[in-house]
Amino acid sequence: MDILLLYYPKKRGNNMNDFVIETKKLIKVYGEQTAVKSVDLHVKPGRIYGLLGRNGAGKTTIMKMILGLTPITSGEIKVFGENLRGNEKRIYPRIGAIIETPGFYPNLTGTENLEIFAKLRGTASPNAVKKALEIVGLPYKDKKLFSKYSLGMKQRLGIANAILHDPELLILDEPTNGLDPIGIAEMRTFIKNLSSEHGKSILISSHILSEISLLADDIGIIDHGVLLEESSMKELEKKNSRYILLHVSDVSKASMILEQKFHLTDYSVQDEQTLRIYDTSLNMAVVNKTLVMQDVAVISSQVCGDTLEDYFKKITGGEVIA
Amino acid sequence: MLNLIQTEFLKLRRKKMIWFMLLAAFIMPFFAFLFFEYFNKNGVDSMGFYKWSVFGFTTFIILPFILGVLCTVLMHDENRYDMLKQLWIVPISKMGYFFSKFVIVLFYSICFMMITAVTSVLFSVLPGFVPFEWQSVLFLLERCLEIAVLTSFGVLPILAIASGQKGYVFPFCMTLLYIFLGFFTSSVNIYLHPLSSISFIIARSGNIPGLASAQGINVPLALLCTLIWDVLSVLFAHFSLNRRK
């Protein structure tokens, strides 16, 4: 991935004060089904925005609408501060994208496929294809036809195509699909570098929570077409309450001691042996000693925090996704 | 537009079928050779030979069929492998995309007819059926070029149909139906169908024996018929490409 530094020489200055992508009351209706319901999305320049949701939540539809691949039913999309409608020819060359599994010409090699797209885009750099392939770890001028590629190689070629013209904004729909664990880790590093080192703005969708939590600076949680939450990962971490999980032999006795001795009211009983104390400033050594002195056995005590998974579960009101 | 056309040529790499279909250009000149060889005819009128080798089934059936199949092949991969979204993201103009395909069809049609013309001359002159005359050869080349250009415009409806289809069966069937309709309307009203119009435009001067029409050929009207079909085809392609994302 060091080649990246050669390929993208400098962090591009962005004179935009607004958002790279901004949607207002975006709605998409397929027949009688509303796939996207009044979504207000805000992707900041130079940051990675992770769009998180279950399969069928509306992530791809939103991306398709931004890329003009499906007409919007109502609402507004602004890209680079400009209204998308009517400015597509100026805006799209500044975007690189992968939507679903990327398709290429099966009778051509990876290099030949990229040469076609380089020509269509009028890519100025003569080495653009070579560099893009090197970045994603595919051989240049290889004789292997695209039809013989594995799913992972196809995905890499799709990413190479997306970055071929050095776009300012990348829209990546589940880009790690089909990659092996090492490939996923490499891709994560690569995407992070694109943003941190080279100032690329990235909108990435995934149904894999861990992937988004490791990658994204900002996160949007979408469920059944509704954008339930949009915040930065830092804010989200703050929001996710920290607590002390206390396993004891007698919950009722322990509760009484906490209330009487420590004047604690901010706690909840989870089950017959578990308490959740939300005041993390409490000196647990003293609490444990006091409980033991009062014949309450302390099985364990630990400081915990809600994970993104817990948070997702909480706000979608359902099962976790991955 | 030039980039689009160049990439269309690049996309044809390793497509053996494209080369294989060119073999059809040899069919009628070869049959004409067999026919004249069988009847042991020497000193045949050159137009008599070319009527068999070029102006007959080649113009009416073989070329439109080959071009129809080509139109289907050109559109098929991108539809089948869901590549259009990749292309629209670039972005490229939808109609530019359509017309770049048409340029390939036109180029292929010209190549096909030039091969037919050269093969006809070789099969007629080398065995000694026809004496070599520049005048007849040039006439043949001129008409072959006309056939190539007009027929490629004539199959534009097939290209438009193929642009809106993911599969190849429907455009293929439509090619057969379209050719059959062209054949049928030539005996009813030549101005109803581009292929029948084209075949009569080719025979306009009456110097191809057996092809001179009993109807007075109105070339502008025949061209207008082709133009109307083509305009409708372009509109259809515009609609279907906009619908297909």
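Across which strands of chain A does helix α2 (residues 59–66) of chain A lie? The model is predicted, with pLDDT of at least 70 needed for local features and pLDDT 80 or more for side-chain atom pairs to count, while totals for chains, interfaces and linings use all residues. Residues are numbered from 1 along each chain as its sequence is written, and chains are lettered from A and ligands numbered from 1 in the order in which they are written.

**View 1. Helices α2 and α6 of chain A on strands of chain A.** Helix α2 (residues 59–66) of chain A lies across β4 (48–53), β8, β9 and β10 (218–223) of chain A, and runs at about 145° to β8(A). Helix α6 (residues 151–163) of chain A lies across β7 and β8 of chain A, at about 165° to β7(A). Helices (H or I, at least four residues) and strands (E, at least two) are DSSP runs numbered from the N terminus; axes are lines fitted to C-alpha atoms, for helices over the stretch in contact, with angles running from 0 to 180 degrees between N-to-C directions.

**View 2. The six-stranded open sheet of chain A.** The strand order is β7-β8-β9-β4-β10-β11 (chain A), with mixed pairing, where two strands pair if DSSP finds at least two bridges between them. At the edges stand β7 (95–98) and β11 (226–232) of chain A, each pairing on one side only, and the twist from one strand to the next averages 15°. Within this sheet, β8 (residues 169–173) and β9 (residues 201–206) of chain A pair in the parallel sense over five bridges, and A:Asp173 has A:Ser205 in β9(A) as its bridge partner.

**View 3. The hairpin of β1 and β2 in chain A.** Strands β1 (residues 21–30) and β2 (residues 33–39) of chain A pair in the antiparallel sense over four bridges, and A:Tyr30 stands opposite A:Gln33 in β2(A). Two residues lie between the strands of this hairpin, in which A:Gly31 takes a positive phi near 60°.

**View 4. The crossing of α4 and α5 in chain A.** The axes of α4 (residues 110–121) and α5 (residues 128–136) of chain A come within 9 Å and cross at roughly 125°. That makes α4(A) oblique to α5(A), given that angles under 35 degrees count as roughly parallel, over 145 as roughly antiparallel, 65 to 115 as roughly perpendicular and the rest as oblique. In α4(A), A:Gly110, A:Thr111, A:Leu114, A:Glu115 and A:Ala118 meet A:Ala128, A:Val129, A:Ala132 and A:Leu133 of α5(A), contact requiring C-beta atoms, placed from the backbone, within 7 Å. The residues of this contact divide into six nonpolar, two polar and one charged (Ala, Val, Leu, Ile, Met, Phe, Trp, Tyr, Cys and Pro count as nonpolar, Asp, Glu, Lys and Arg as charged, and the others, Gly among them, as polar).

**View 5. Helices α9 and α10 of chain B.** The axes of α9 (residues 156–163) and α10 (residues 169–185) of chain B come within 9 Å and cross at roughly 160°, and α9(B) and α10(B) are therefore roughly antiparallel to each other. Their contact is made by B:Pro157, B:Ile158, B:Ile161 and B:Ala162 of α9(B) with B:Pro171, B:Met174, B:Thr175 and B:Tyr178 of α10(B); by class, the contact has seven nonpolar, one polar and no charged residues.

**View 6. The contact between chain B and chain A.** Chain B contributes 20 residues and chain A contributes 24 residues. On the side of chain B that touches chain A, the elements giving two or more residues are α1 (2–11) and α6 (84–89) of chain B, and α1(B) gives the most, with five residues.

Notes. Two residues are in contact if their C-beta atoms, placed from the backbone, lie within 7 Å.
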